[in-house]
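Here are my notes on this one, point by point. Have the model open while you read.

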Amino acid sequence: MLRIEIAKDIGFCFGVKRAVDIVEELLSNGEDLYITGDLIHNEDEMLRLKSMGLKTLDVANEWPDISKSTVVIRAHGVPLGILKELQKRAKRVVNATCTVVSAVGELIKQEKNAGFEIFLYGRERHAEVEYLKSVVGDLKVINQEHPEFHFSSNKIALFSQTTMGIDGFKEISKKFLDDEKLFSSFHIHNTICAVTLEREREVKKLARSNDLCLIVGGKKSSNTKKLYEIAKSLNTNTHMILNVSEIDENWFDSIKSVGICSGTSTPTRVIDEIVKRLRKFKN
Ligand code: SF4
């Protein structure tokens with residue numbers, strides 16, 4: 001019999017749940033509704049919401065007439081210039097930016113106003129990074145692929161995108177501390193979201209204590225990718241899947257236990273379907 005261990009915290013985080021609830025309510029009220037890019041990074045969930053009437057507004061291209069429409073700002077925010085433009089053009093703008101992301105933006109602004117040079121550990125072009133860049137124009141993004149940094153001030157403040165991994169953030173913080181150039185103040189703000197930190201802890205346990213690990217989430221989801229990379233580094237028998245249709249039964253030959261964890265934009269029903277399927281062919 002296959003032992004199935006599911007992470008304690010799975011499914012939507014509170015930021016994603018709030019955004020999805022807002023969209024569902026507006027759609028049920030009959031609003032002509034647009035979202036800026038993907039509301040959340042889960043292909044299945046986006047298809048479900050689109051089938052209910054949600055339309056995507058590609059902010060990088062020509063906009064349709066939205067004067068009679070409502071526009072929802074996605075969970076990881078939208079650059080402030082675009083927000084202003086939307087407020088001018090749409091009938092109504094509903095901001096579903098997660099409160100954690102908005103709080104990071106506020107903190108960055110405060111540090112900038114206090115004269116600090118701002119660095120952000122994050123992924124270029126991620127929606128949240130684009131939003132944070134718009135809060136302070138000269139924010140510098142740093143990560144493992146682009147670890148070089150040059151600072152011109154002696155007051156440095158380092159932040160993290162909310163969905164990055166803690167080990168990488170520690171590594172980058174250390175790089176600053178090891179730099180021989182002197183700064184008078186170095187503020188390290190661990191702005192990794194507590195929900196994703198908890199999932200990191202859980203996935204490490206699951207990957208170590210099971211024969212196989214399944215990470216469930218969207219291909220574009222930054223935190224799902226992070227969980228996959230962590231699990232894979234601890235257990236090579238790790239697979240990242242969007243939903244039950246991506247399960248390969250051959251993975252389970254001679255497997256006695258499986259650990260399941262999900263990204264923060266994965267609906268719990270997807271996990272339920274996976275568990276049901278595993279129970280069917282392995283018991
Ligand atoms: S992962 Fe954290 S920061 Fe991102 S939407 Fe969820 S609660 Fe908000």
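1. First, the terms for the sheet: two strands pair if DSSP finds at least two bridges between them. Helices (H or I, at least four residues) and strands (E, at least two) are DSSP runs, numbered from the N terminus. With that in hand, strand 2 (residues 33-36) and strand 3 run parallel and are joined by three bridges. Within this pair, Tyr 34 sits opposite Lys 55 of strand 3.

2. Some housekeeping. This is a predicted model, where local features need pLDDT of at least 70 and side-chain atom pairs count only at pLDDT 80 or more, while totals for chains, interfaces and linings use all residues. Residues are numbered from 1 along each chain as its sequence is written.

3. Back to the sheet: it is open, has four strands in the order 3-2-4-5, and pairs in parallel. Strand 3 (55-57) and strand 5 (92-95) are the edges, each pairing on one side only. On average, neighbouring strands are turned by 30° against each other, direction ignored; axes here are lines fitted to C-alpha atoms, and angles run from 0 to 180 degrees between N-to-C directions.

4. How is the protein chain divided? There is domain 1 (3-11 + 194-282), domain 2 (14-97) and domain 3 (100-188), with bounds from an automatic or database domain assignment. The C-alpha centres of domain 1 and domain 3 are 30 Å apart.

5. Seven residues of domain 1 are in contact (C-beta atoms, placed from the backbone, within 7 Å) with seven residues of domain 3. On the domain 1 side, helix 7 (194-209) and helix 8 (222-234) each supply at least two residues; helix 8 gives the largest share, four residues.

Conventions:
Contact = placed C-beta atoms within 7 Å.
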